[in-house]
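Here are my notes on this model, written as numbered points. Have a look at the structure first, then read on.

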6 protein chains.
Amino acid sequence: MSFSTFGEIMLRLVPTGQADRLSTTSLFAVDYAGSESNVAVSLACLGNNVQFISKLPDNPMGQAARQSLDRFHVSTENILEGGHRIGTYFIELGSSIRPSRVVYDRAESAIAGIKEGEFDWEHILKNQKWLHVSGITPALSKQCAEECLLAVQTAEEMGVKVSFDLNYRRSLWENSDTAKTIFNRILQHTDLVFGNIGVLKDVYGLTFNGNNHTDQTLDALRKARHVFGVKQLAFTIRDHSSASVNQVGGAFISGDEPIISNTYSIEITDRFGTGDAFAAGFLHALGNGWHQQKAIDFATAAFALKHTMIGDIHTSSEQEINSIVEGNISGHVIR
Amino acid sequence: MSFSTFGEIMLRLVPTGQADRLSTTSLFAVDYAGSESNVAVSLACLGNNVQFISKLPDNPMGQAARQSLDRFHVSTENILEGGHRIGTYFIELGSSIRPSRVVYDRAESAIAGIKEGEFDWEHILKNQKWLHVSGITPALSKQCAEECLLAVQTAEEMGVKVSFDLNYRRSLWENSDTAKTIFNRILQHTDLVFGNIGVLKDVYGLTFNGNNHTDQTLDALRKARHVFGVKQLAFTIRDHSSASVNQVGGAFISGDEPIISNTYSIEITDRFGTGDAFAAGFLHALGNGWHQQKAIDFATAAFALKHTMIGDIHTSSEQEINSIVEGNISGHVIR
Amino acid sequence: MSFSTFGEIMLRLVPTGQADRLSTTSLFAVDYAGSESNVAVSLACLGNNVQFISKLPDNPMGQAARQSLDRFHVSTENILEGGHRIGTYFIELGSSIRPSRVVYDRAESAIAGIKEGEFDWEHILKNQKWLHVSGITPALSKQCAEECLLAVQTAEEMGVKVSFDLNYRRSLWENSDTAKTIFNRILQHTDLVFGNIGVLKDVYGLTFNGNNHTDQTLDALRKARHVFGVKQLAFTIRDHSSASVNQVGGAFISGDEPIISNTYSIEITDRFGTGDAFAAGFLHALGNGWHQQKAIDFATAAFALKHTMIGDIHTSSEQEINSIVEGNISGHVIR
Amino acid sequence: MSFSTFGEIMLRLVPTGQADRLSTTSLFAVDYAGSESNVAVSLACLGNNVQFISKLPDNPMGQAARQSLDRFHVSTENILEGGHRIGTYFIELGSSIRPSRVVYDRAESAIAGIKEGEFDWEHILKNQKWLHVSGITPALSKQCAEECLLAVQTAEEMGVKVSFDLNYRRSLWENSDTAKTIFNRILQHTDLVFGNIGVLKDVYGLTFNGNNHTDQTLDALRKARHVFGVKQLAFTIRDHSSASVNQVGGAFISGDEPIISNTYSIEITDRFGTGDAFAAGFLHALGNGWHQQKAIDFATAAFALKHTMIGDIHTSSEQEINSIVEGNISGHVIR
Amino acid sequence: MSFSTFGEIMLRLVPTGQADRLSTTSLFAVDYAGSESNVAVSLACLGNNVQFISKLPDNPMGQAARQSLDRFHVSTENILEGGHRIGTYFIELGSSIRPSRVVYDRAESAIAGIKEGEFDWEHILKNQKWLHVSGITPALSKQCAEECLLAVQTAEEMGVKVSFDLNYRRSLWENSDTAKTIFNRILQHTDLVFGNIGVLKDVYGLTFNGNNHTDQTLDALRKARHVFGVKQLAFTIRDHSSASVNQVGGAFISGDEPIISNTYSIEITDRFGTGDAFAAGFLHALGNGWHQQKAIDFATAAFALKHTMIGDIHTSSEQEINSIVEGNISGHVIR
Amino acid sequence: MSFSTFGEIMLRLVPTGQADRLSTTSLFAVDYAGSESNVAVSLACLGNNVQFISKLPDNPMGQAARQSLDRFHVSTENILEGGHRIGTYFIELGSSIRPSRVVYDRAESAIAGIKEGEFDWEHILKNQKWLHVSGITPALSKQCAEECLLAVQTAEEMGVKVSFDLNYRRSLWENSDTAKTIFNRILQHTDLVFGNIGVLKDVYGLTFNGNNHTDQTLDALRKARHVFGVKQLAFTIRDHSSASVNQVGGAFISGDEPIISNTYSIEITDRFGTGDAFAAGFLHALGNGWHQQKAIDFATAAFALKHTMIGDIHTSSEQEINSIVEGNISGHVIR
C-alpha cells in the first residue's frame, strides 16, 4: 500500500544526562522528527511504501533529516531542496507532575518559506492510496496552509484518500478561530479524521456527555461526525491514574455507532509521537483491509506501545504491536 | 527581598551510566551543592537578592563551586577564600526499595576549619531581611557551631529575621543530645523553623498523636511551637504509597492552629534537596508578603516539584511552581 | 564456605542513550555475565569462597570476562583457555508493557565447543561444599550436557552437594522434551532445586491449584518434590500489579510443608539476574547454616533487591540484603 | 579596569563522539559563545570588570547564554530581553588537512532584529574605559551596523576608548565592499585595531612585502596604520608547518616601528576563539598599563594557549598565560 | 553510473572513553562496516547509483547494517536475509607507535555460510557498469570464494567491468599460497586492480627497486601489470615520518608508464577504510570519464582525507575532496 | 617472581568531554592509581606474582580501589582496612604547550594516618624477591616515612631486594632538604634506584656534563652511583621536539659504564605513569634474569608505549612491549 505524508521534519534537540533542563544541559541528543514524518516512518517500519513530502535546506542538518527517513526506507524523492534553515525544536522532558516543555524555533524554516507552485501535486500523488496531513502544517505559514488545501483537493480529485490529524499547536496560531477556519476547509476533502476530545474542546468549543474520558470520547465521535461531515473518525482516549501512569485507549466511528478498543495501563516513558503512532497504526490496518475492530485494536496497541519508548519516532514492527494486541503486556523477557 | 544563607557547599559526585554503584562506576557526574546553598540558588531562581556565606579553597573545585552560584546570580562576595579542600560527598541513587546512600568526605574542609573572627557578621548581614541556617553547619566543627550562633545572635540584634532548618545528619554528630543542645541555643534566636516529624523524634524524642503523617505533623506543629518557643514553624509531610511513590504535603503554624496545603502524589526521581526547595519556597512567599495559605501551598508545590528533578538544586521559576499550585499536574506537554 | 558454579559467561551488550533499540543504538554498554557466573559473583560479594568453571578464548574479551570475576574475588583458576570466541548476547531493555528482548549470539562459543575430558572434575571439585549448575549449560552443546552430568555425578560421589537452577531457555533447545530428558538426569544427582511455576508448566506440563501465584507455587513445591525426587526446592514467586510493578516472594520446601517469605512490591528497574540473586542468597544462607525461614527470607530480599539494579550482576552485601529483610523498604536516604 | 563588549552570543552546537560529522552525529555538545562575548569572558577570567551588551530571547537558551556569562562574572545587566530566537551555529571540527566548517543559523536572531533606540549608549558606557566591537556585529543586520556606529561614536564622545577587531565573515556580507564601507566608518572612531593579513587582503585588497608571514605582517602593520588612520594596531601571525602544527606570533605598532613577540610552535586542538583570546590578552595588558613588549608577549601567549583548548572560550588565568610567556612550554606536569 | 560491490558488512565495535583497551572498556561505539560496503557508501556519497550485495541475518543487528546503507542511498535490495549471525569485529585504536588491533569474530556469519545458488548474478548485475570485489570475501569460506569467482565471471560475460582490491587479511587465510591461487583466478576476469606494495610482497613475494616507497610503487605497478595480466592498476603509497604522521600518495598505470598524484602529509586520526576511500574515489573518477591524472589525484585526495576521520566509512562529498585536490590543506576554518 | 610494592592508591578524577578544565567539567572519569600500585599492576599484567601493601577505608571507594587491583590479579591481602578517606587527586590533562595539572586532595587519607605497628613487615615480605617503594610515600606523613624505612630495613634483613623510585613531588614536601634526608636513609637499604636527571637536580643540586639529555643522563648515572652508594641505577631520558612530541630513552648502570637503549620518538597521549611503566618493565626483566641490554630495552619500550595510552595504568603484555623492542613502531594495523 502506498502512503504519502506532507509536513515538516525538524531538528529535535533534547538535553541528555544528569542536569536535564534546557538551560543547564551540556549535551543535546540529536534527532529529526515531526508529526507527519513520524507517521511516515512508522508506516514504513510496518512494511508499507511511504513517501514524505516537504522542503529541507541544502546543509548537513537538512541532509541528516533526509537520511533519518532514508534509513527506514521512507522515500525522500519529493522533498524539495532549498531555503535557509531547518525548523528546530527543543524538548525538556517532564517527569511525574512536572510537564514536558517544547520550545519551537521553526520560524523561517525551509518549508515555512515555500512559494506557490513549488510542489507539483499531480505528479507527487500519482499511484498513491492515501495522503496524510495534520493540523500543524497549515499553521506554519500562509503558503503552507494553501499548500495543504491544494494537496487534499488534488488528492480528492485523483481518488487518493485523505487522512487528517487534527493536531492543534496553540503557540503556532493567532487564535483558535483561525485554526478552525482552515481545519474546516481541509475537512471538506477528508476521508478519515484523527483526533481526541481535547482538540474538539479547544478549537471547536464542543462539550461532551459522559462520566469519564471513554464515554466522552464516544459522544465526541458521534457529534464530530456531524460537525465535520466526515464519515470515519478515529480518536485516542487518555485517562490519568497519575502523572506517570495513564490508561490509554482508542475508539472509531464509521457507521452509526462507535467501537472501542482494549484499554492499557501504561507507565509513561515519553508522550511524544504517540498520536502519530496511533494514526500510522490505523492507516496500516486500513491499508491491509483489516476489519474495524482489528484496526482500532492495532492502532491503540501502537499508541500504547509508543508511550514506552524514548523519542518521537515509532519503529515497532507489526509483530511487536500484534503481540501487545494479543495481551502480552506483563513485561516478561523475550529470549 | 534580600536573603543570606550560611553553610557548606560541597563537590557532589554521583555515578552515571549503566553500572550505578559507587564501587563500580567509571564516571561521576559533577555538581556543587549543600543544603544552605540549595536554598540560596532556589531563592535566586525565584527572583530574589541572595548571598551565600561560606569558605572555599583557592583551587579549581573551589572556583567551580563559586561559579555554580554565580551563574544563578547568588552573590559569592562573602565566601572566604582559603583552607585546603572542598568538602565532598558521594551519592549512590536508590530505586524502589533500594535506598540512596551518601558517603561524606567533608572532614577538614575549608569551612570546617574556620577560625574565630574570620566572618564579620555585622558587615555581612547589613541590609539583609532574612538569615537562613540549618542544623548541618553546627555539626561540621566546634567553630562552625560557634559561628552559627554568632550569626543568628548578630542577626537578631540587627533586626534580620532568622530561619532555621532542623536538618539532622546522624553521622555528623556524636549523639543526638549534642545536636539538641546546640539546636536549642540556635532556636532562641530563630523566627521560623523548618522541619518534619522525623527530626522531632530523632533529636527530641517526641511522639505524636494521629493515624497518619498528616495528623501527626499537625500535632507536632502544636507541640514543637511550645518546646522550641518559636512562633512560626513550617513542616513537610511525607506518606509512602510505595518506595517510589509518595504523597507529599506541607503544614504551617503561626497562630494557634496549623494550616495545611494540598497533597501531591509523586513518582520520585530524586529525594535530594526537597526540604531545601520547601524552605526556599516558603521564604520566597514570606518575602513577597503572601498570606499564609498561599505561602504553604507555594512551598509545598516547590517541595513536590523538586522530587521530579535530578540533582540537589531546584531551579524552577515562580511561574512553574504556581502552575503546580493551580493544579496542572497531569503531565501534559506544554508547547 | 566453598562454592563452585559451572556454565558460560558471555559478553553482554546493551544499547545506551536516547535511542535505545538494538537496531538504532550508537553505543553498547559492555558487561560480562551469565546465569552461573552471576551466582558466583553474588556469593563472592556475600563473603564466600567461590570459583567459576568455564572456558574462555585467549583474546581481550575473554580476558575481560575473567577480570570481571577476579575483581570480585571469584576464582578463575579453573576457567580453561581456548576456543575461538566468547558467547555474546544483546539486550533491548523493555519498559512498562514493552518486553525486554534478548538476542543470543552464543553458537560456537569456547564453552559450547569443549571436547570430552577437558575438565578434571575430581581435581576441580576438591574441598568444595556446593556445586551449582543451571538448565542453560546443558542446552549449549551435546558435550556441555555431558559435562554437566559428569560434574554433578562426580560431585555426588565426592560428597559435594549439588544445586540445580531449572532455567529453561526455549530458544536454545530443540523442544521441551529434550530439555526434560536431560533435566531429569541431572535431577537424579541434585540436592536442591531452584525454579518457579513457569518452568514446571513449560517443561513438565504440570498445572497447579490456587487462585494466585503464591498458592500455585506452594502447590507446585509439593508436587515437584515428588516428580523430581529432590528433597529441597526453593522457588521464586511473581505477581503482576502492572508491567512495571510486581509483587515478588519466595517459598521453600524441605519437610512436608512449604514455608513462604515476605512479599515485596517492587518498581522494576531490570529483571535480569533476579533468579540468580535468589539462588545465591539461598546458597549463602544454607552455607551459613541459617534456619529455613531466615534462608528463604534472605533469598527473597536478594531477589527483590536485584530488581532495583541495572545489569545482570548482583553486588549487594549481606548487610544491604538484611536491611531489606528488616523492613527498611521505604527508600529513605542513608547518610 | 572596566571593559564593555557589544555583539552576539550564540548557541554553539558541536558533534561529539565517534561519528563526528554534522550530518551523522547523535549528540551535540552545547555551549554559548561569540567573538565579542569570548573577549568579555577572557577579560573577566583575567580579573577585570566586564560587561557584555547584547539582546537575548526570554527562553531557556537565552537564559543559558546569560548564565554562561554570569558564571564568569561578566555583567549581563545590559543584555536586553526580547526577540524570538537565539542565533545558533553548528561546527564540524576539522583535523589535519580537513578544515573545520561552521554552519550559521543566526538570521532573525534577537540581536539581528533590534530596533533603533533600544540601547541607551550613554547610560551603558558610563564609567567604562574601553568598548570593544568586531566586524561581525555590523554584518548581522542594518540596525546592528547602525548600532555599532552609534556605540563607537558615543564612546568617543564620552572618552571611552574603542577597540575594533576586523573579523570578516564572508558568508554574512553581500560583498567585501559593503564590509569595507562600514569598517571604514567604525575605524574613524577606533583607538586600537585587531586583525591579521588575511582580512587586509580580503576586504582591502592590500598586498604585503616579505618572504614569510611575519615580515608580511610587519609590512601590513605599517601600511594599515596609514590606510585606517588608527595609531595602534595589534595583529596575529600564523605560519603553517602542517595543517595541525602552526607557528603563531603577534605584532604591534604604535609609534613608527612595529614590535614582535616570541613565536610558538603549536599542535592545534581548536582554532576557534584564538583571535578573541589575543584581543582580550592585549586589552588586559593595556588596562594594566604594561609596556608594549610585555603587552604583545602576553597577548601572543594567550593566543597560542587558546589553540590548545577545546571550545571558543578562553578561561586561562593571568598566571597561566604568564607561565607561557616565561617559557614553560615543554608540557611538563604541574603537581 | 551504476556500481555493485559484493562482500561482508560487519558489526564494528570500538571502545570509547578514557579506558580505551578492548579488555577494559565499558562502552563500545557501534557501527557497521566492511571493505566492500565502505566502497559502496563512499560511491553513494559521491552521487552514484550503488548496490551492495551480501547476506545478513534477520535480527536487529542485521537490520541496522541494512539501515546504515539505506541512509546513504546504497541499495540493499540484493542483500539476502538469513543465516544466524552478523560478522563482528572489535578494534583497539592505536596511537603513535602503538598499533591498532583488530579482533575478528566473523566465523559462521551469514555471508560465510551461503550455499551454492543463493545469488542470481545475472539478475543482480543487470544494468551495472562496475562490479567491485576484494581479496577479503574469498577468504571467508569456500563458497564465498566460489561466489566471488562466479560473480566476476558473470560480470565479464555481461560486459560489466570488474575492479578487484587486493586486500590480504593474513589471519583469514591458511597461508599466502591459498590466497594467491584464488586471487589469480579472480584476476583473470579483472579490469582494474587496487593494491599497494605490501600485498605484492606478502602474497606474491615480489621485491621492488627504488629508494623510497614512491619509486618502489612505480616499479611495482610496472611489474604487477605483467604478473597479473591486468591493464589498469591503481596503488596507494604510504611513507612514514612517524607513527602518527605519514606522507600518502597514489599512482596509476594504464599505458606503459605510471603516473603519480600529489603527496599529502597527514596527521593520522584513523587508518581504517583509507584504501576503500581510494578505490571509491578512483571508481567515481572513472565513472565520470575523468582523465587519468584527475582520477588518481581525486582518489589520492580521498585517500588522504579519510585518514582525518574516525570510522571505516568515508562520507566526503565530491566538493570536499576536490577542495583538497585544489590545495586547500592548511586547515583554515570554512564559515 | 614475587614482587611487593608499598604506597598509596588514590581515587583519580579527570574531566571528560568537551569542556576539559577542572573548574568547568560536568563529568569526571573515575580511576584508581598511584605510583606504586601502577608498578604493581604493570608487573601483574606481565605475568608476575605481585602484592600491593597499603591502607584503604572501608567504604565503596576503598573497595573500588581494591577491585581495581584484584581485576589484574594484584594481591590485596596486605592492604589494611581502616581510616576515614581515600586519597584523591584531580588531573587537568594538558595539550601541546599547555601543561597537565594535578590537584592533590590526599591529606588525612587512610595510609597517611597509619600508626606505628600496623604493618607486620616480616610476615608481609615472606617469600618475596623484591620490594618496591618510591619517594612519594615518605612524604605523606611522618609515620609513612618511618614505615618506608622499616620496610626496606626488614627487606634487607630478609634478603628481599629493594628498588626505590626517586619520585619527588615538590608540593608534598616542606623543602627539598627534608626529602633528601629521608631519601638518603632509604638509599642505604636500596639495591636498585629508578630516576632521572630532574630529581637529581631538584633534590641533590647536582649538575651534569653533556650537550643533550642522553649525555647528561649517562653522566648522572656515573655520579649518582657514587653519591647514593647504590650499584644499580636505571634512569629514563626525555628530549623535547615539541610539547607533544618527545624523544624518550633509558639508560642503566651496573658495572663501570652505563648502557643505553634505543630512543623512540613519541606523540604523547598521556605522560602519567610513564616512569612507573619503566620501573615495572625493568623489574620484570630482572626477575626474568634477562641480560642488561635486554632489560633496559624492554623497560624503555614500556616507558615509550605508556605515553600512547590514557590513564596512569599500564596494561601492556610482554608480547606487546617486545613488539616495540623489535621495531614495530610504524603504527600499522594488526589484524
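1. Salt bridges between chains C and A come first: there are 2 of them, a salt bridge being a side-chain nitrogen of Lys or Arg within 4 Å of a carboxyl oxygen of Asp or Glu. C:Arg21 pairs with A:Glu320 in a salt bridge whose closest N and O atoms lie 2.7 Å apart.

2. Which elements of chain C supply at least two residues each of the side that touches chain A? They are β7 (101-105) and β11 (232-240), and β7(C) gives the largest share, 3 residues. By class, this side of chain C has 7 nonpolar, 10 polar and 6 charged residues. The classes go like this: Ala, Val, Leu, Ile, Met, Phe, Trp, Tyr, Cys and Pro are nonpolar, Asp, Glu, Lys and Arg are charged, and the others, Gly among them, are polar. Helices (H or I, at least four residues) and strands (E, at least two) are DSSP runs, numbered from the N terminus.

3. A word on what we're looking at: this is a predicted model, where local features need pLDDT of at least 70 and side-chain atom pairs count only at pLDDT 80 or more, while totals for chains, interfaces and linings use all residues. Residues are numbered from 1 along each chain as its sequence is written, chains are lettered from A and ligands numbered from 1 in the order in which they are written, and side-chain values use heavy atoms, with hydrogens and water left out.

4. As for the extent of the C–A interface, 23 residues of chain C are in contact (heavy atoms within 4.5 Å) with 27 residues of chain A. The buried area is about 2300 Å², with 52% coming from carbon and sulfur atoms. Buried area means the accessible area (1.4 Å probe) that two parts lose on being put together, summed over both.

5. Now the other neighbour. Chain C puts 24 residues in contact with 24 residues of chain E, burying about 1800 Å², of which carbon and sulfur atoms give 68%. There are 2 salt bridges across this interface. C:Asp105 forms a salt bridge with E:Arg85, with 2.7 Å between the closest N and O atoms. On chain C, β2 (10-15), β3, α2 and β7 each supply at least two residues of the side that touches chain E. That side divides into 13 nonpolar, 8 polar and 3 charged residues.

6. Is helix α1 (residues 35-45) of chain C largely enclosed or open? Since 10 of its 11 residues are buried, α1(C) is largely enclosed by the rest of the structure; buried means under 20% relative accessible area, exposed over 50%, partly exposed in between (1.4 Å probe, protein chains only). Among the buried residues are C:Glu36, C:Asn38 and C:Leu43. The buried residues of α1(C) pack against elements of chain C including β4 (49-56), α2 (60-70) and α8 (274-287). After α1(C) comes C:Gly47, with a positive phi near 100°.

7. Finally, chain A has 10 helices and 15 strands, and 67% of its 335 residues count as buried.
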